[in-house]
Structure formats: structure tokens, C-alpha cells
Amino acid sequence: MTNELSTLEPRTIDEAITLAQAAVASRLYSVASPEAALMILLTGRDLGLTASQSLRAVYVVNGKPVVSSDAMVAAIRRSGLATSWRVVESTVERCTITTRRAGEDEPESETFTLEDAKRAGLDRKDVWRAYPRDMLRHRCAAALARRVYPDVILGCYAPGELDEPAPVDVRTVERAPSPDRLTAGDVLARYDADLAAGVDPDEAHKAAKELAR
């Protein structure tokens with residue numbers, strides 16, 4: 001019997017456009033326009049994600065698709081191309097992840113350390129100081145995914161990997177009193193900047209919702 005849930009996924013471009021419009025109108029997702037939502041849906045489809053997964057895990061930062069590292073790993077596992085994916089070490093100082101691609105004899109490994117983050121200037125960001133272990137894991141996973149499974153990831157980058165302008169500190173904006181309500185453009189600009197800084201997408205989403213109140 002056909003899975004009834006599959007009927008919720010758009011099967012044509014017109015259905016995708018309608019869903020994109022509904023996603024923006026719902027205000028449940030931080031997406032600027034139906035056009036951006038449509039591109040998110042198409043990017044997620046390339047990764048094998050459902051429509052709702054795409055809207056939660058794919059973001060547009062300065063006109064480029066940005067995908068959470070967890071979504072990258074999920075896409076790789078779902079592809080069936082990875083016979084193993086294992087976090088060998090995960091501390092506040094370093095993260096090492098190994099994977100073995102189907103058909104390959106030896107596993108591939110990637111390591112990202114706090115020293116690597118310091119050389120890139122990442123350690124100066126609030127989210128790296130607060131959650132170094134998680135941020136190291138995200139960066140390590142994204143690098144390994146893109147190197148070993150480029151046909152699955154398709155050139156997508158994780159939050160904070162792209163060379164973006166200096167971010168706005170969303171927490172500072174939240175604390176600053178202002179008699180004027182922020183516009184939707186202001187909220188989206190701060191949201192994009194937080195993603196570019198490497199802030200966890202869920203946290204950035206929560207912060208944007210607070211700003212929009």
C-alpha cells in the first residue's frame with residue numbers, strides 16, 4: 001500500500017510553489033520569500049530530504065544555500081553510500097570522525113581542532129566559546145562529508161564555513177532597548193548574520209523569532 005505521507009510531498013513544480021508560499025505565510029520558518037523557500041525545497045530534494053526537513057535544515061545566507069552538518073550526515077546515511085560513519089573523538093579541543101564509503105577498502109578520516117578554529121578566527125565568536133565541542137563536531141563533519149561524498153552534498157556548505165561579512169551579535173540586539181519595532185528585513189539580516197557566524201540553526205531561529213515579537 002502506498003504510504004499516505006508521501007502524498008504530502010510536492011510532486012510537480014506547481015505543487016512546490018504552492019508549498020513554498022504556504023511555508024512563508026505560516027511564519028514557522030525563517031525564509032524571506034516564496035522564491036527563497038522554493039530554492040530551499042529544491043536543494044533539500046537534491047539531498048534526499050523531505051519538504052519539512054528541507055525548510056528546517058537548509059538556509060539562504062547571502063544568496064548561497066547553507067545546510068546544517070546534521071542534515072549533511074543524514075543525507076549521506078540515507079544515500080546508502082556510507083558503510084560507516086563514526087565520531088572517534090569529540091572534546092572541547094578536537095574532533096575526529098571516520099567514514100568508509102561503499103566500494104572503498106580503507107576508511108577516510110577528518111580532524112578539526114580548536115587550534116584550527118583559532119587560526120580561522122572562529123574562537124572569537126560567542127557560539128564557539130560557549131559550545132566548542134559541538135562546533136568542532138559540526139565543522140569536522142561538514143568537511144568530511146564534502147570531501148568523501150561530494151556527489152551527495154553537491155557543494156553545499158555548513159553554517160559559518162563560507163567567507164561572510166562580520167556578523168551582528170543577535171544577543172546584543174535582543175538586550176538593546178528600542179522604541180521602534182524591527183522590520184522583517186532587520187530580523188532576517190540578523191538571522192543570516194548569525195548563521196554566517198556558525199550559530200546553531202535552531203538557536204538562530206529562536207533568536208530571530210524573539211526579535212520579531
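Among contacts in the protein chain (heavy atoms within 4.5 Å) between residues at least 6 apart in sequence, 53% join residues at least 24 apart. The structure is a predicted model, in which local features need pLDDT of at least 70 and side-chain atom pairs count only at pLDDT 80 or more, whereas totals for chains, interfaces and linings use all residues. Residues are numbered from 1 along each chain as its sequence is written, and side-chain values use heavy atoms, with hydrogens and water left out.

The protein chain contains 11 helices and five strands, taken as DSSP runs numbered from the N terminus (helices H or I, at least four residues; strands E, at least two). Of its 213 residues, 40% are buried, where buried means under 20% relative accessible area, exposed over 50% and partly exposed in between (1.4 Å probe, protein chains only). The accessible surface of the protein chain comes to about 12,000 Å², of which carbon and sulfur atoms hold 52%; accessible areas come from the Shrake-Rupley method with a 1.4 Å probe, and for residues only the protein chains shown count as cover.

Strands β3, β4 and β5 form an open sheet in the order β3-β4-β5 with antiparallel pairing, two strands being paired if DSSP finds at least two bridges between them. Because β3 and β5 stand at the edges with a single partner strand each, one side of each is left without a neighbour in the sheet. Neighbouring strands of this sheet are turned by 15 degrees against each other on average, direction ignored. Strand β4 (residues 94-101) is joined to β5 by six bridges in the antiparallel sense, and threonine 99 stands opposite glutamate 108 in β5.

Helix α7 packs on this sheet, touching β3, β4 and β5, and its direction makes about 145 degrees with that of β5; axes are lines fitted to C-alpha atoms, for helices over the stretch in contact, and angles run from 0 to 180 degrees between N-to-C directions. The 17 residues of α7 should span 24 Å at 1.5 Å a residue, which agrees with the 24 Å between its end C-alpha atoms, the expected span being 1.5 Å times one less than the number of residues. Buried residues of α7 include Pro132, Met135, Arg139, Ala142 and Val148.

A search of the whole structure finds two aromatic pairs, defined for rings of Phe, Tyr and Trp (its six-membered ring) with centres within 6.5 Å, planes under 30 degrees apart counting as stacked, over 60 as edge-to-face and the rest as tilted. The rings of tryptophan 85 and tyrosine 149 have their centres 6.5 Å apart and their planes at 40 degrees, so this pair is tilted. Since tryptophan 85 lies in strand β3 (residues 82-90) and tyrosine 149 in the loop between α7 (132-148) and α8 (150-153), the pair ties together parts that are 64 residues apart in sequence. Tryptophan 85 is buried at a relative accessible area of 12%, and tyrosine 149 is buried at 0%. Phenylalanine 112 and tryptophan 128 form a tilted pair, with 6.4 Å centre to centre and 50 degrees between the planes. This pair ties together parts 16 residues apart in sequence, because phenylalanine 112 lies in strand β5 (residues 108-113) and tryptophan 128 in helix α6 (residues 126-130).

Strand β1 (residues 58-61) and strand β2 (residues 64-67) pair in the antiparallel sense over four bridges and form a hairpin with two residues between them, where asparagine 62 in the turn has a positive phi of about 50 degrees.
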